[in-house]
Amino acid sequence: MSDNANTRSKPGAPVLSLRGISKNFGAVSALTDIELDVHAGEVVALVGDNGAGKSTLVKVLAGVHQPSSGTITFDGKEVDLTDPGTALDLGIATVFQDLALCENLDVVANIFLGRELKPARLDEVTMEVKAWTLLNELSARIPDVRDVVASLSGGQRQTVAIARSLLLDPKLIMLDEPTAALGVAQTAEVLNLIERVRDRGHAVIMISHNMEDVRAVADRIVVLRLGRNNGVFYPDSSNQELVAAITGATENAVSRRASRRQAEQSA
Ligand SMILES: Nc1ncnc2c1ncn2[C@@H]1O[C@H](COP(=O)(O)OP(=O)(O)O)[C@@H](O)[C@H]1O
Ligand SMILES: [Mg+2]
């Protein structure tokens with residue numbers, strides 16, 4: 001089921017293309033020769049074991065880390081993501097795992113945090129209307145945009161963080177483990193939200209450890225292992241195939257378990 005980066009993906013030029021991206025931290029090679037294409041209106045899941053390089057890749061794209069080598073093409077132009085502001089201005093938004101919300105501020109204030117539009121600062125009423133409009137477009141279930149974030153559930157917080165990242169209408173949005181802290185119902189809510197973000201035409205990169213969530217929402221699944229590409233998969237891939245690519249074992253614990261059960265059943 002694994003194949004090259006460009007087959008079975010969305011037609012047309014990708015909004016993001018990485019070629020030969022490497023990142024060294026001193027003697028540690030966090031990323032080696034990474035290739036990645038992401039199209040508008042596509043959800044690409046980035047999966048891999050701890051230390052596979054997922055967070056480093058997201059930080060390179062967010063302008064937090066500079067790659068040691070390789071090229072990044074965004075929206076048809078080769079770009080230099082020298083700092084987070086540059087990435088954001090180009091249209092690359094990131095929802096980091098800690099969400100970076102202010103507990104004691106309300107939903108409106110969090111969505112507009114540090115993003116008041118220039119030259120004139122938006123007034124409270126305009127911001128409230130804009131926040132409502134954005135959340136309604138996402139069919140988000142937030143009881144009241146004047147509620148403080150401290151009173152919201154984990155799923156609602158993730159929703160606020162995603163809405164905030166959409167404020168500047170980015171071409172690409174990256175989500176680091178958006179469902180990691182959530183229960184079943186809230187996870188479903190956030191996965192629906194990710195689909196709506198994709199349907200608005202944004203490109204989405206989602207990091208996740210949960211193969212069920214990945215298969216439910218991703219159009220393509222890109223596996224990293226020890227800082228390298230280790231296959232591209234699709235939602236119809238089996239857990240075994242995915243786990244094998246993630247762990248680097250063709251014969252791994254999961255497939256051994258499955259074949260043992262098969263043998264038991266046919267015995
Ligand atoms: N700032 C850093 N300094 C040194 N090594 C780092 C740094 N960030 C990540 N690494 C190393 O890079 C590798 C990839 O890490 P990371 O991108 O966090 O993986 P993942 O998010 O997939 O768990 C790991 O070996 C990690 O220890
Ligand atoms: Mg990580």
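A163 touches I111, L134, L135, L138 and A140, leaving aside residues up to four places away in sequence. In this predicted model, A163 lies in helix α5, which covers residues 154-166. The protein as a whole has nine helices and ten strands, and buried residues make up 39% of its 267 residues.

**The surroundings of A163**

- A163 is buried, because 23 other C-beta atoms lie within 10 Å, and the cut-off for a buried residue is 20 or more.
- One of the residues that A163 touches is I111.
- A163 and I111 are 52 residues apart along the chain, yet their C-alpha atoms are separated by 6.7 Å.

**Helix α4**

- Helix α4 comprises the 14 residues 124-137, and L134 and L135, among the residues touched by A163, fall within that range.
- At 1.5 Å a residue, helix α4 should span 20 Å, and this agrees with the model because its end C-alpha atoms are 20 Å apart.
- After α4 comes S139, which has a positive phi, near 45 degrees.

- Which residues of strand β7 are buried on each side? On one side they are L172, M174 and D176, and on the other they are I173 and L175, so that both faces of β7 are covered.
- Strand β7 (residues 172-176) is largely enclosed by the rest of the structure, because five of its five residues are buried.
- In a regular strand the side chains alternate between the two faces of the sheet.
- Strand β6 (residues 92-95) runs parallel to β7 and is joined to it by four bridges; T94 has M174 in β7 as its bridge partner.
- Strand β8 (residues 203-207) also runs parallel to β7, with five bridges joining the two; the bridge partner of L172 in β8 is A203.
- Between β7 and β8 the chain passes through helix α6 (residues 184-199), forming a right-handed β-α-β crossover.

**The open antiparallel sheet**

- Four strands form an open sheet in the order β2-β1-β4-β5, and their pairing is antiparallel.
- Why do β2 and β5 each have one side without a neighbour in the sheet? Both β2 (28-38) and β5 (77-79) stand at the edges, so each has a single partner strand.
- From one strand to the next, the twist averages 30 degrees.
- Strand β1 (residues 16-25) pairs with β2 over seven bridges in the antiparallel sense, and L18 has L36 in β2 as its bridge partner.
- Helix α1 (residues 54-61) packs on this sheet and touches β1 and β2; the direction of α1 makes about 65 degrees with that of β2.
- Strands of a sheet pair through backbone hydrogen bonds, either parallel or antiparallel.

**Confidence in the model**

- The mean pLDDT of the protein is 88, and 88% of the residues reach 70 or more.
- Where does pLDDT stay under 50? This applies to residues 1-7, for which the model has 13 contacts beyond four places in sequence.

Notes. Residues numbered from 1 in each chain as written. Chains lettered and ligands numbered in written order. Predicted model: local features only at pLDDT ≥ 70, side-chain atom pairs only at ≥ 80, totals over all residues. Buried ≥ 20, exposed ≤ 12 C-beta atoms within 10 Å, placed from the backbone. Pairing = 2+ DSSP bridges. Axes fitted to C-alpha atoms, helices over the stretch in contact; angles between N-to-C directions. Contact = placed C-beta atoms within 7 Å. pLDDT = per-residue confidence, 0-100. Right-handed = clockwise from strand over helix to strand, strands pointing away. Expected span 1.5 Å × (residues − 1).
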